[in-house]
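Hello,

Here is the structure I promised to hand over. My notes on it follow below.

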Amino acid sequence: MAMAPAKPSDLERAAERSDRDFVQLAEPLRRELKVHCYRMLGSLHEAEDAVQETYLRAWRSFASFDGRGSFRAWLYRIATNVCLDALSGRGHERRFLPDQRAPATSEMPDGRPASDVEWLEPYPDADLEGIADDAPNPEARYTSRQAVQLAFVAVIQQLPPRQRAVLLLRDVLGWSAAEVATLLGGSTASVNSVLQRSRETLARHHAAGRPPADAPTDPGQKKLLERYVQAWEVLKLEDFVSLLKEDATYTMPPLPQWYAGRAAIRGFFAYSFKLYGGFRLLPTAANRQPAFAAYSRRGTDGPWSAHSLHVLELEPDGISRLTLFAKPTGPALFAAFGLPLTIAQS
């Protein structure tokens, strides 16, 4: 005689409802939590791990959420603590771009990555879709678009972790000083003091303590980007150099060397363009900035292989910063940008 299936107990039904409630509340926040973790950690891959740990901790303690406060704020508290734990436990607190570590050079690189340095990583714009561009809280000083630009993220990586957290919670998310004090511990006055020091650090690197203005790409800049692609694909050195501002900078992590000024950048590319048979560039977007995936080959035939990710900072009169994430860093990030490692011969 067959036995009737056991009916779920009241406890099991309650657990199922709790899991469903957690998913419904938490999943819509996943992308904005990931970019918060990226700002804290400077790494796309570490941000992914931090979000996973955040959701695990939140799920385990969901029963303690009493519903009297904002679930979003509760989840941000957990995510921020996960990032602070990660920064404390990984043995280093900072990620860099090459121009933050050493003076510019005119020497050619030896091709050896600086393996002892943790380099800042770019962030795909595809992972920013669905996140509001403007912070809803009037206390926020930056829009979410400004606060993900590569130069801004690079600067805040140089803040101690607590300062970094305070700046992001106050000036990006628009939390009150009292809310930040509840999360991080200490008084409202201590939070405001930490925030002031953080703003002073930013002010030394950006005019008025703010990241570059986030203006839409105008027709002239679109033409500039087209010319950029053409110059790379036919290896026209002078055409490429003409797109740079006189005081432009060029960095190429994980190589530690970097170049300041149009003449020095020209010297580097006069050397490096000769090493390749050509490039193909595919448009992408990173850190709310124009970006390209570059594929190279040595000869004149065969497939094109992943070479680098280019992230550009534009001003009305040209390219002010070019960050080229070179091998092996760049190709290792292609999958996160939805890019293939090779493209067919064309």
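**Surface and overall build**

The protein has an accessible surface of about 16,600 Å², and carbon and sulfur atoms hold 53% of that area. Please keep in mind that this is a predicted model. The fold contains 12 helices and seven strands. The protein has 346 residues, and 51% of them count as buried. Take the contacts with a separation of 6 or more: 67% of them join residues 24 or more positions apart.

**Nonpolar cores**

The largest nonpolar core has 74 residues. Within this core, Phe-71 and Leu-75 have the most contacts. Helix α4, residues 71-89, gives the most to the core, with 11 residues. Leu-75 is worth a look in the viewer. Beyond its neighbours within four places in sequence, Leu-75 is in contact with Ala-26, Leu-29, Leu-33, Thr-54, Tyr-55 and Ala-58. Another core, of 32 residues, lies apart from the largest one. Met-252, Phe-268, Tyr-276 and Leu-281 are among its members.

**Cysteines**

How many disulfides are there? The count is zero. One pair deserves a comment. The sulfur of Cys-37 has its closest cysteine sulfur in Cys-83, at 3.6 Å. A disulfide needs the two sulfur atoms within 2.5 Å, so the distance of 3.6 Å is too far for a bond. Cys-83 is accordingly in no disulfide, and its nearest cysteine sulfur is that of Cys-37. Are these two cysteines buried or exposed? Cys-37 is buried, at a relative accessible area of 0%. Cys-83 is buried too, also at 0%.

Met-108, Tyr-271 and Leu-275 make a nonpolar surface patch of about 240 Å². Tyr-271 sits in helix α11, which covers residues 262-272. Its relative accessible area is 36%, so Tyr-271 counts as partly exposed. Which residues does Tyr-271 contact, leaving aside neighbours within four places in sequence? They are Met-108 and Pro-109.

**Ala-104**

Ala-104 is in the loop between α4 and α5, where α5 spans 150-156. At 37% relative accessibility, Ala-104 is partly exposed. Its C-alpha is 9.7 Å from that of Pro-256, a residue 152 positions away along the chain. Not counting residues up to four places away in sequence, Ala-104 touches Trp-258, Tyr-259 and Ala-260.

**Ser-296**

Ser-296 belongs to strand β4, residues 289-297. Buried or exposed? Ser-296 is buried, because its relative accessibility is 6% and the cut-off for buried is under 20%. Leaving out neighbours within four places in sequence, Ser-296 has these contacts:

- Tyr-276, Gly-278 and Phe-279
- Pro-303, Trp-304, Ser-305 and His-307

Tyr-276 is also one of the residues in the core of 32.

Best wishes

Terms used
Residues numbered from 1 in each chain as written. Predicted model: local features only at pLDDT ≥ 70, side-chain atom pairs only at ≥ 80, totals over all residues. Heavy atoms only, no water. Buried < 20%, exposed > 50% of the residue type's maximum accessible area, 1.4 Å probe, protein only. Patch = residues over 30% accessible without salt bridge, like charges linked within 9 Å, V, L, I, M, F, W, Y side chains within 5 Å. Areas by Shrake-Rupley, 256 points an atom, 1.4 Å probe, with all protein chains shown as cover. Salt bridge = Lys/Arg side-chain N within 4 Å of Asp/Glu carboxyl O. Helix = DSSP H or I, 4+ residues; strand = E, 2+ residues; numbered from the N terminus. Contact = heavy atoms within 4.5 Å. Core = buried A, V, L, I, M, F, W, Y, C linked by side-chain atoms within 4.5 Å.
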